[in-house]
Amino acid sequence: MIYRDKSLLKLAQGEECLLQVKNFCMGGTETIVACHSNSGKDGKGMGQKASDAYSVWGCAACHRWLDQGSASHDDRQNAFEQAHLRQIVEWIKIARTPTLRPWKVTAARNVLTHLGISWTL
């Protein structure tokens with residue numbers, strides 16, 4: 001099932017790049033967006049983005065590399081999968097921090113629940 005949540009995508013604003021592609025990553029927080037998987041198993045299809053549950057925070061340069069880079073599909077998918085694990089850790093941190101803005105906590109908890117991942121201590 002394709003999962004969509006604009007609040008989840010908005011969480012990327014002001015965060016650090018999780019793709020961290022060597023020799024490409026710009027660092028900083030200014031250009032960070034939610035980068036979607038390019039794999040069909042994550043819901044990517046002709047003219048359709050993958051599920052928002054399969055997105056990671058990435059800078060403009062890493063996002064461009066992921067979507068249009070000259071690396072093999074397998075290398076780009078492997079980089080995405082490693083970043084997605086880091087993303088899940090970040091979502092868990094947000095889900096466990098009730099002092100954050102409620103919409104942030106809710107977005108993190110909802111995606112983790114969708115993925116079948118427990119965020120409780």
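User: What is the relative accessible area of C25?
Analyst: C25 comes out as partly exposed, a label that sits between buried (under 20% relative accessible area) and exposed (over 50%), using a 1.4 Å probe and protein chains only. Bear in mind that this is a predicted model, where local features need pLDDT of at least 70 and side-chain atom pairs count only at pLDDT 80 or more, while totals for chains, interfaces and linings use all residues. Residues are numbered from 1 along each chain as its sequence is written, and side-chain values use heavy atoms, with hydrogens and water left out. For C25, the relative accessible area is 33%.

User: How many disulfides does the structure hold?
Analyst: A disulfide here needs two cysteine sulfur atoms within 2.5 Å. For C62, the closest cysteine sulfur belongs to C59 at 3.6 Å, which is too far for a bond. C25 is in no disulfide either, with the nearest cysteine sulfur, in C17, at 3.7 Å. So the disulfide count is 0.

User: Is C62 buried or exposed?
Analyst: C62 sits in α2, which covers residues 60-68. Its relative accessibility is 0%. That makes C62 buried.

User: Which residue forms a salt bridge with D52?
Analyst: A salt bridge means a side-chain nitrogen of Lys or Arg within 4 Å of a carboxyl oxygen of Asp or Glu, and for D52 the closest N and O atoms are 3.1 Å apart. D52 is in the loop between β1 (33-36) and β2 (55-58), and its partner lies in the segment before α1 (6-10), so the pair ties together parts 48 residues apart in sequence.

User: E90 meets which residue in a salt bridge?
Analyst: The N to O distance is 3.1 Å. Both residues belong to α3 (residues 73-95) and are 3 residues apart, so about one helical turn separates them. For E90, the residue is K93.

User: How far apart are the end C-alpha atoms of α3?
Analyst: Helices are DSSP runs of H or I with at least four residues, strands are E runs of at least two, and both are numbered from the N terminus. The expected span is 1.5 Å times one less than the number of residues, so the 23 residues of α3 should span 33 Å. The model agrees with that, as the end C-alpha atoms are 32 Å apart.

User: Where is H84 placed?
Analyst: H84 is buried, with a relative accessible area of 7%. Leaving aside neighbours within four places in sequence, H84 has contacts (heavy atoms within 4.5 Å) with A53, Y54, S55, V56, W91 and L115. Its element also buries R76, F80 and W91, among others, and the cover over those buried residues includes α1, β1, β2, α2 and α4 (102-115). The place of H84 is helix α3.

User: Which residue in β2 stands opposite H36?
Analyst: β1 and β2 pair in the antiparallel sense over 4 bridges, where pairing takes at least two DSSP bridges. β2 is covered on both faces, with S55 and W57 buried on one side and V56 and G58 on the other. Opposite H36 stands S55.
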